Amino acid sequence: MLFPLFMAFAYPASYVSAMHQPAPHEMKVEVIGTADAAQQVARQVAAKGGDALDVSTVPDAAAAREDVMDRETRAAFDPATGDLFVATAGGRQAAATAQGVFQQVAAQTGTPLKVNDLKKPAAKDTLGIAYMYIMTACVTAGYVTSTMLGNLGKGMRLRSKLGLIGLLSVVAAVLTMGVTWGFYGVYDSHLVPAGLVAMGAYITAAVFQLGVGGLLGQAATIVGITVFVILGIPASGVAASPDLMPGFFQVLHRMLPTGAIGELLQRVIYFDGHGAGPWILLLATWLLLGAGLLWLASLRSPHSGEDRGAIADQVEHARKHPDEPLLAAYDSDDSDDDAPSASQRGRHRAQEVKHA
C-alpha cells in the first residue's frame, strides 16, 4: 500500500518542480552580424543574461533563419534592422521569453523590434503541444501492454509477446493518427513520419518494460511509471520547453526516451524532420537497452516466457512423488479402492509419463 502514497508524492514533486516557475536556463540565442556593433550587443546580452542565456553570433540573416528552423537556437536578433527571428511552433513560452530579452535590447538601441515568426503552430493546435498526447498515448499503451503480458501472458513464448507488441504498435499508431489527423484534423501533413515515431514510442516503452519486468517482477511497475510518466512527461520538453526548466530536467530531456519522442514529433510535424538524427539515436538506444534487459532476464530464467501448463506441472509432480496419483481427478474415481491398489496405479501412471 506504499505504492499509492509514492504516486501521491512523486507526481506533484516532479511536475511542480519542472513547471511551476519557468525561467530560461542556458537558452541559446544569436545576434546577427560580424561588425563591432553586433559583437558589442552580443556581449551586453550575455553579460546581462548570465547563466540564463547562451549567446553566440551568426554572420547573416540567412544563417540565422536556418539555425532557428533547425532548432539550434531559440531566437536570432539583428541589431542593424531590429529583426527578431523565432519559431513559436518550437515552444510559445520560450519564444516569448526570448522576445522579451531582445525587446529590451531594441529599446536601448532605439531600433523598433520586428518579430518574424518563421513557424507558427497549426491553426487547431494553438498551444503547439497537441502532439504531446500522441506521445503520452503510445508510451502509456506500450507500458501497459508489457505489464499485462507480464501478469496474464505467462503462457506465451517471448517471440509471441514481441510479435504481439509489434502488431499492437501499428494499431496504436493508426488509432492516435486517426484521432489527431482524421477526427479532429489538428494536423494535415507528415502523417506517415509521425505514425512511425508513434510506433517507435510504443515498441520502445513495451520492450523496455517487458525487460524490466523479467528482471524485477512486480517491482518493475515503479520503474516504468517513473521513467515514462513521473519523470518522463515533464522531461519531454513539450508542456514546458526544456530550456525553461531547471537543469536537472534539461539533463533528463537529453537522456530519457520521452525527450527523444517529444523532440521527434515536434521536428517531424513542424520542422520537416530537421535535426532528428540524434533523437532517433537516443530512442534506438533505449530500445536496445530494453532488448538487453530481456536477454538478461532470459539468462536468469532460461525458460521464461514459456508456461508448462497444468499437465506438465502434474508430470513434474509425478516424478517427485511416484506414490501419488498423477491427476487429482483420479482420486475421486478411486476413492472406494483400497490404498495399496491406488498407490500402485499412481506409480504405474508416473512410469508411463516418464516413458512418454
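In helix H11 (residues 257–270), Glu263 and Arg267 are 4 residues apart, so about one helical turn separates them. In this predicted model, the side chains of Glu263 and Arg267 meet in a salt bridge, with an N to O distance of 2.9 Å. Both Glu263 and Arg267 are buried. Side chains of opposite charge can pair when their charged atoms come close.

The count of salt bridges in the model comes to 2. Arg74 also takes part in such a pairing, its partner being Asp243, and the closest N and O atoms of these residues are 3.1 Å apart. Arg74 is located in the loop between helix H3 (61–69) and strand E3 (75–78), whereas Asp243 is located in the loop between helix H9 (232–235) and helix H10 (247–253); the pair therefore ties together parts that are 169 residues apart in sequence. Arg74 has a relative accessible area of 8% and is therefore classed as buried. Asp243, with a relative accessible area of 10%, is likewise buried.

When residues up to four places away in sequence are not counted, Tyr187 touches Ala122, Asp125, Ala130, Tyr131, Thr180, Trp181, Ile269 and Tyr270.

His190 is placed in the loop between helix H6 (158–183) and H7. Its relative accessible area of 26% makes His190 partly exposed. Beyond its neighbours within four places in sequence, His190 is in contact with Trp181, Val268, Ile269 and Asp272. Of these contacts, the one with Asp272 includes a polar contact of 3.2 Å between the two side chains. His190 and Val268 are separated by 78 residues in sequence, yet their C-alpha atoms are 6.8 Å apart in space.

Val144 belongs to helix H5 (residues 131–152). With a relative accessibility of 33%, Val144 counts as partly exposed.

Conventions:
Residues are numbered from 1 along each chain as its sequence is written. This is a predicted model: local features need pLDDT of at least 70, side-chain atom pairs count only at pLDDT 80 or more; totals for chains, interfaces and linings use all residues. Side-chain values use heavy atoms; hydrogens and water are left out. Contact means heavy atoms within 4.5 Å. Helices (H or I, at least four residues) and strands (E, at least two) are DSSP runs, numbered from the N terminus. Buried means under 20% relative accessible area, exposed over 50%, partly exposed in between (1.4 Å probe, protein chains only). A polar contact is a pair of N or O atoms within 3.5 Å; within protein, one must be able to donate a hydrogen and the other to accept it, and residues adjacent in sequence count only if both atoms are side-chain atoms. A salt bridge is a side-chain nitrogen of Lys or Arg within 4 Å of a carboxyl oxygen of Asp or Glu.
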